[in-house]
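Me: Could you take me through one part of this protein up close? I'm new to this, so please keep it plain.

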Amino acid sequence: MTEQSNQLEGPLAGVRVIDAVDGGCESTGRLLADLGADVIRVEPPEGASSRKTGPEIQGIGLAFAVRNVNKRGVTLDLSSDEGREQFSALLKTTDIFLHNTPPEVLAGQGFSPELLRAINPRLVAVSISDFGRFGDRKDWIATSDVHFALSSVLSRSGLPEVPEPLLPPKFLAFEAAAIQAAWTAILAHINSLRTGAGDNVDFSISEGLIQILDPGMGIGGSARSGQSLRDLPPGRPDARHLYPIFPTLDGHVRICVLSARQWQGLFAWLGEPKEFADPKYLAMSERFAAAGTLYPMIGKLFSGMTKQEVVAQGQSFGVPTAALATATEVLNEPAFREAGGFAEAEIAEGLTLTMPTGMVEIDQEKFGIRRPAPYPGRDNDAVFADLHSPATDRVSHRALGTKLPFDGLKVLDLGVIVVGGELGRLFADYGAEVIKIESREFPDGSRQSLDGSAMTESFAWGHRNKQSLGLNLKSEEGRDIFRRLAKNADVVLTNFKPGTLDKLGLGYETLAELNPGIILSESSAFGNHGPWSGRMGYGPLVRASAGLSMLWQYPDIPESFSDAITIYPDHVGARLNAVAVSALLLRRQRTGKGGRVGSAQVDIIFGGMADQLALESVKPNSIRPEGNDRGEDAPRGVFRASGEDNWVVIDVVAGSHFAGLARTIGHPEWLTEPDLGTASGRLKRKDELSSVVQAWTAERTADSAAAELQQAGVPAGQMARMADLEQDLHLKQRNLIGALTHQAFPTPLPTLLAEAHFESVPSPRLAPAPYQGEHTRSLAGRHLGMDETEIQRLLDENILQEFAGTK
């Protein structure tokens with residue numbers, strides 16, 4: 001963190017946010033604060049309960065401190081007339097109100113949705129809850145592990161030879177959902193500026209995870225070759241061959257060999273073995289089919305080298321390679337320090353620790369920690385002495401009826417695979433004209449399919465509502481056409497390797513000279529700075545380098561790494577950049593200035609693990625694989641239910657949960673045993689308790705067991721699969737899943753709809769994804785003013801390209 005970054009005005013300057021979220025998703029307000037919003041953390045006089053959650057250093061809760069830096073803090077007693085009057089005055093000056101207070105409690109304090117609207121008609125109130133404010137599960141309670149079960153993530157986590165599914169690392173759930181919540185907040189805020197109307201947003205963490213954490217109805221990675229996750233059989237899928245891991249002298253490494261060029265590099269690295277000289281192995285499917293022979297050959301090569309040696313040779317041969325790092329190795333890695341990923345920062349008054357510096361860059365500056373998290377009431381005097389009219393009064397708006405928030409926005413989309421494809425879709429869903437720029441010579445990896453189909457379900461989901469322009473950027477005339485398009489565009493999206501656009505003569509400085517208001521969004525594996533910026537990177541390699549792969553394994557089974565099928569953090573990265581681009585659009589509206597967004601996938605993982613990494617910096621080896629035994633209380637974990645591969649997560653993390661569990665499963669006598677009255681006492685008897693719970697769940701279906709326990713106030717959830725989500729009554733009641741029609745498929749595809757329930761933001765569009773170059777002729781005529789003669793010449797010269805396959 002540089003001294004300059006402490007003084008920079010963020011793009012959300014002038015936007016005021018009240019943050020009353022206590023617990024999960026406190027990082028929503030943190031992200032908005034990082035980007036420059038005036039985020040005011042409102043707590044009761046005794047302080048938020050989240051201050052006492054998780055590990056402490058010097059009496060300060062790390063989780064609270066990490067998720068509340070950059071915020072101002074006030075305390076208010078909303079049970080008093082004075083407190084309610086102060087809160088009402090604050091609401092009048094606020095643009096966004098984040099909270100997870102139950103509606104009946106908020107209404108009892110005098111702040112029902114109707115009264116909030118009366119106080120401030122332009123206020124965007126975002127209500128964050130586990131399962132939303134209506135529907136069959138609205139009163140259920142959840143932990144990270146319950147969310148993993150009900151979102152279907154658990155059904156795919158683990159190994160096929162291990163019957164019990166594996167709970168993913170705990171931080172993933174709420175930290176991923178927090179970014180999705182930030183996207184809904186900024187989307188509704190932009191809509192309010194356009195229409196003059198506020199919004200009451202009902203955000204469900206469960207639905208957020210279904211959309212952002214390995215969405216089964218979303219775009220997948222290249223190695224999946226367009227294969228859907230909808231029809232997976234019982235048991236965990238074996239995805240280890242996609243991004244294989246091999247032992248070395250001092251640990252493990254992972255490789256990603258996806259393209260023909262990467263295979264050629266690996267073939268040379270292996271010494272050009274004759275048995276793999278056949279050109280058919282240029283095809284990824286042929287290499288996967290031969291994994292039984294190929295992978296032992298790779299393993300033998302790597303077994304005599306250190307991790308560092310394998311990675312260095314891999315880079316030299318053009319084979320994407322990464323070492324699996326531990327948390328301590330992450331903190332000690334010079335490359336991350338040189339890239340600005342870690343720094344010493346004061347996260348609470350008097351507490352300075354090694355911390356990730358932030359997840360996003362604006363105009364090449366990391367917008368991270370600028371002020372420590374507040375102690376209770378730190379900023380009461382300053383906040384209430386400086387109440388002013390809200391930002392919406394200072395920005396002109398125009399009523400646009402039911403038009404979408406990004407209507408009229410023009411986006412040039414160079415994004416590829418997951419994070420690239422998904423980012424453009426987010427803007428296209430809500431009205432932007434998104435033009436996907438692609439070519440036959442360098443096709444988007446997400447267009448790959450095992451059977452050669454020109455359209456897959458994965459691509460149809462990830463690129464709906466876009467148009468496709470076939471354009472050869474390797475030609476000077478093709479690059480000139482891109483520059484002509486950029487002159488009248490609002491946003492350019494790319495996740496190319498850093499430096500690629502500059503080599504093409506299309507870097508930010510060039511684009512900004514043509515169009516000072518243009519906004520460039522960049523996303524890469526390791527960011528734009530530091531010695532690893534030029535490394536070939538994919539999500540699996542980033543997870544390995546960031547220490548996540550080491551955490552995602554069964555702790556008692558060596559080499560049981562289980563993160564191969566996940567595509568985290570790609571979908572999270574898309575939302576992060578969408579929030580940042582939206583922030584720059586707001587800045588441009590105020591100043592006329594464009595700008596540049598940059599993010600590194602590795603920083604997204606570090607951001608999610610920030611409190612754990614901070615603890616690791618002072619207590620080495622604190623971060624270890626937990627598996628299904630989280631500790632802290634008991635019984636908790638994954639329990640087998642009746643039927644094939646049916647499981648229920650039960651997560652007792654409080655005395656009230658244990659009391660409800662004991663009564664529900666017929667053991668009220670547990671409540672009279674003194675040692676079971678404390679978490680430490682229950683932990684000592686966890687094997688006994690878990691055995692009794694297992695006997696009870698084995699006689700019930702997973703959904704009936706979860707429902708019984710939830711009725712008693714116990715966090716529990718059945719392990720859902722993708723097919724279950726489509727039939728889930730609660731999700732139907734909340735209209736999460738709709739139908740996407742595409743001519744490539746005989747029946748409509750189930751597709752995910754809005755990220756939250758909005759009152760004012762219209763539903764997303766559902767136009768079909770384009771075939772490659774499908775709209776080249778119409779776009780060239782409409783945006784470039786070309787006649788048919790010129791278009792045909794450019795097609796003949798392979799400067800423009802159009803779809804030539806079978807639809």
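Which residue's side chain meets that of Asp611 in a salt bridge, and at what N to O distance?

Reply: Before we dig in, this is a predicted model, where local features need pLDDT of at least 70 and side-chain atom pairs count only at pLDDT 80 or more, while totals for chains, interfaces and linings use all residues. Residues are numbered from 1 along each chain as its sequence is written, and side-chain values use heavy atoms, with hydrogens and water left out.

The partner of Asp611 is Arg67, with 3.5 Å from N to O. Asp611 sits in helix α27 (residues 610-618) and Arg67 in helix α3 (residues 62-68), so this pair ties together parts 544 residues apart in sequence. (Helices, H or I and at least four residues, and strands, E and at least two, are DSSP runs numbered from the N terminus.) Both Asp611 and Arg67 are buried, where buried means under 20% relative accessible area, exposed means over 50%, and partly exposed is in between, using a 1.4 Å probe and protein chains only.

Why would such side chains pair up? Those of opposite charge can do so when their charged atoms come close. To call it a salt bridge, a side-chain nitrogen of Lys or Arg must be within 4 Å of a carboxyl oxygen of Asp or Glu. That rule gives a count of 56 salt bridges.

Here are some others. Asp444 pairs with Lys436, their closest N and O atoms being 2.8 Å apart, and these two residues are buried as well. Asp675 bridges to Arg685, with the closest N and O atoms 3.1 Å apart. That pair links distant parts of the chain, 10 residues apart: Asp675 is in the loop between α28 (655-664) and α29 (679-684), and Arg685 in the loop between α29 and α30 (686-697). Asp675 is partly exposed because its relative accessibility is 34%, whereas Arg685 has 17%, so Arg685 counts as buried. Salt bridges that share partners also join Glu422, Arg425, Asp429, Arg464 and Arg575 into one network.

Now back to the stretch around Arg67. Ile347, in strand β12 (residues 342-348), has a relative accessible area of 0%, so it is buried. Leu62 is 285 residues away from Ile347 along the chain, yet their C-alpha atoms are separated by 8.6 Å. Beyond four places in sequence, the residues Ile347 touches (contact means heavy atoms within 4.5 Å) include Leu62, Ala65, Val66 and Val69.
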